[in-house]
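Please read this briefing alongside the sequence and the three-dimensional model.

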Amino acid sequence: MLILGIETSCDETGVAIYDSEKGLLGHKLYSQIKLHAKYGGVVPELASRDHINYIIPLINDLLKDCKINIQNIEAIAYTSGPGLSGALLVGSSVAESLACALGIRSIPIHHLEGHLLAPMLEDRKPKFPFIALLVSGGHSQLIHVKELGSYKIIGDTLDDAAGEAFDKTAQLLGLGYPGGAALSKLAEKGLKHFELPRPLLHSNGLDFSFSGLKTAVLYLVRKQKKLTKEIKADIAYAFEDSITDVLVKKTIQALKQEGLKRVIISGGVGANKTLRKKIIAECNQNEFEYFFPDLTFCTDNGAMIALAGSLRLNMPPKENYSFSVKPRWKLTEI
Ligand code: KG4
Ligand code: ZN
């Protein structure tokens, strides 16, 4: 069965076609990063307007590249929450009207479920149950994934999400927005000169708190007489070392606590090389299996939504083509 996936929850317009037998046939992504960079964050109204400009041309290009006639698409999956309401409305209205015109199923998808299932786009797919470390711009969660649709959140952020902490630290170092990937690149040139706090590292619980770490970076930056390239790289190194230590320690703690042996890392911060290296080392030591999506599918994309749609095909279909977006949809409310 051929499923078209549409993602417009934030600042990326993503579309993909997934064949439930053959896997991913193609995907396209338009990132609005440049549009929002000058404001230091996503401007919701601009995001919605840009999704309107790009969504139809992207779908047309994708169909052309995959040599698929739109009449052959058999279901349309789209992100209906959580996210920016205007941005979600663009994807939802395009998906529902296309599905209505073609007389096919529409499948609303939870954005975080898309991230959770993204490792299943790879040839080596994780089997249920597993622990998911979901680290993105808006979330840092540890989730016990029992099966499709059964998600127990066992650890959450008390304040800033991991991606948010990366972005705010990057901003303090003058790396622009969103700075996670740039900070990580800079950290590769850094040395272990500074020590930053590792919040909640030794707590018994699985929650995260990163706002104190960000404040510690702010004071460290202010303390420097001159913020040279070398010092910036050393601060980036110290920040990345600290945040990844906490993320990895809590993930291993979660696996042990829940008695599971399989973990997946997903979301934008899941593309972080240091995080991956540390997770691999710890998993090897504890004989846990680990799974990551391809780097392209860590950040927002249409492929993970199309895949989630294909896995939800045998669930009861929606009754009609009406829709409502859910900007604050909780994963446990699916
Ligand atoms: O999953 P995502 O695309 O969007 C949300 O759903 O939030 O994640 C975006 C986040 C941003 O905060 C970005 O800075 C961060 O992921 N990110 C990274 C890296 N690549 C993207 N953070 C650390 N290291 C990276 N390599
Ligand atoms: Zn996301």
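Helices (H or I, at least four residues) and strands (E, at least two) are DSSP runs, numbered from the N terminus. In those terms, L200 is found in the loop between α6 and α7 (211-223). This is a predicted model, in which local features need pLDDT of at least 70 and side-chain atom pairs count only at pLDDT 80 or more, while totals for chains, interfaces and linings use all residues. Residues are numbered from 1 along each chain as its sequence is written, chains are lettered from A and ligands numbered from 1 in the order in which they are written, and side-chain values use heavy atoms, with hydrogens and water left out.

**Ligand site**

- Ligand 1 is surrounded by 19 residues, the closest being G137, D167, G180, G268 and N272, where a residue is near a molecule if one of its heavy atoms lies within 4 Å of it.
- These shell residues divide into 6 nonpolar, 11 polar and 2 charged; here Ala, Val, Leu, Ile, Met, Phe, Trp, Tyr, Cys and Pro count as nonpolar, Asp, Glu, Lys and Arg as charged, and the others, Gly among them, as polar.
- Each of domain 1 (2-117 + 297-333) and domain 2 (128-292) supplies at least three residues to the shell around ligand 1, with domain bounds that come from an automatic or database domain assignment.
- α5 gives the most to this shell, with 3 residues.
- A polar side-chain atom of H115 lies 3.3 Å from an oxygen atom of ligand 1, and a polar backbone atom of G163 is 3.2 Å from an oxygen atom of the ligand.
- N272 places a polar side-chain atom 3.1 Å from a nitrogen atom of ligand 1.
- Taken alone, ligand 1 exposes 560 Å², and the protein buries 86% of that; accessible areas come from the Shrake-Rupley method with a 1.4 Å probe.

**Backbone geometry**

- Most residues other than glycine have a negative phi, and most peptide bonds are trans.
- A cis peptide bond joins G81 and P82, with omega about -15 degrees, and P82 is found in the loop between β4 (75-81) and α3 (85-102).
- F128 and P129 are likewise joined by a cis peptide bond, with omega about -5 degrees, and P129 is found in the loop between α4 and β6 (130-135).
- L200, a residue other than glycine, has a positive phi, near 60 degrees.

**Contacts of R198**

- R198 is found in the loop between α6 and α7, and its side chain reaches the backbone oxygen of L196 at 3.1 Å.
- The side chains of R198 and D245 are joined by a polar contact of 2.8 Å, a term for a pair of N or O atoms within 3.5 Å; within protein, one must be able to donate a hydrogen and the other to accept it, and residues adjacent in sequence count only if both atoms are side-chain atoms.
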